[in-house]
Amino acid sequence: MRVVEVHRSGFALKGDGIEAEMPPDAAITVGDWLLFNREAPSESQLLERKSLIKRRAPGHDRREQLIAANIDTAFIVTSCNADFNIARLERYVALAFEAEVTPVILLTKPDLCDDPERYAQEAATVSELVPVVVVNAKSDAPVEVLRDWCKPGQTVAFLGSSGVGKSTLTNALMRDDAIETQAIREDDAKGRHTTTRRELYVIPGGPVVLDTPGMRELQLTDAAYGLETLFSDLTELAASCRFRDCAHDTEPGCAIRAAVERGDLDADRLERWRKLDAEDRFNSETLAERRSRDKSFGKMVKQAMKAKKSR
């Protein structure tokens, strides 16, 4: 049985005429496959995953939130308007790379801007490994344009902010208007939360499609491989730095700083790499490691203060 829906009260399991609910704190997510225990649903056995997309949960306790499992392709959806944001795209792509899911950037609403090609060219700078597709979600184009990734037996997910057209794309693939959609706010191009749960839709003769709510906060955790893949150009450059522990700031012989000075590397891209790497390290650190580090730092401060007083 497959988990087909996640909402606030729990998980909906459906298949073979069986419907059941699992508690919201169960370590499963939409897309998971279970050996279902009819008598004791909470004791169902989770089968091995081929992929898992996760993020740091919103809040201050640094828990992990599972987004989806067993996804083959992640369509990262953004619009050709004020929603477009390179830094956000990089976060989604890093998540996909970490999960070993194929990322594809979809640019929607090209009919509402003067130059959609400009957005496509900028999106292509995220990674040479990620295809960029411009598509009008409200047209008949999605079925044909996304055909290579939406084959029978595949599971695809639409990820992105609210209002970028994720549900509209799902409706297009289903050739139906079963999922409710809303227009964006015209003043800032922000969307309204229409989709309130993550849910799988089975398309006859096609893929299984995951529609997700917009995520306002997307923090990385345990995504070192994803970041290394996303910023492979920088990690390769870093290998040429004079010092192994180069911080790429003021150290002599820094290959990355030299590339920035030559104009071969965008300084903003370097800063985004630093920010995401620091964020991932912070969020991936266990509570025990954090306490140990803080304790060591506290001892160092006390020793320094003691030495100062004894002078």
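Helix axes here are lines fitted to C-alpha atoms over the stretch in contact, with angles running from 0 to 180 degrees between N-to-C directions. The model is predicted, so local features need pLDDT of at least 70 and side-chain atom pairs pLDDT 80 or more, while totals for chains, interfaces and linings use all residues. Numbering starts from 1 along each chain as its sequence is written, and side-chain values use heavy atoms, without hydrogens or water.

Let's start with a helix pair. The axes of α7 (residues 255–262) and α8 (residues 267–284) come within 9 Å and cross at roughly 150 degrees. That makes α7 roughly antiparallel to α8 (the label for angles over 145 degrees). Where do they touch? I256, R257 and V260 in α7 meet A267, L270 and W273 in α8, with contact meaning heavy atoms within 4.5 Å. Those residues split into 5 nonpolar, no polar and 1 charged.

Finally, salt bridges (a Lys or Arg side-chain nitrogen within 4 Å of an Asp or Glu carboxyl oxygen) number 13. One of them joins K50 to D72, with the closest N and O atoms 2.7 Å apart. The pair links distant parts of the chain, 22 residues apart.

Note on methods. Helices (H or I, at least four residues) and strands (E, at least two) are DSSP runs, numbered from the N terminus. Angles under 35 degrees count as roughly parallel, over 145 as roughly antiparallel, 65 to 115 as roughly perpendicular and the rest as oblique. Ala, Val, Leu, Ile, Met, Phe, Trp, Tyr, Cys and Pro count as nonpolar, Asp, Glu, Lys and Arg as charged, and the others, Gly among them, as polar.
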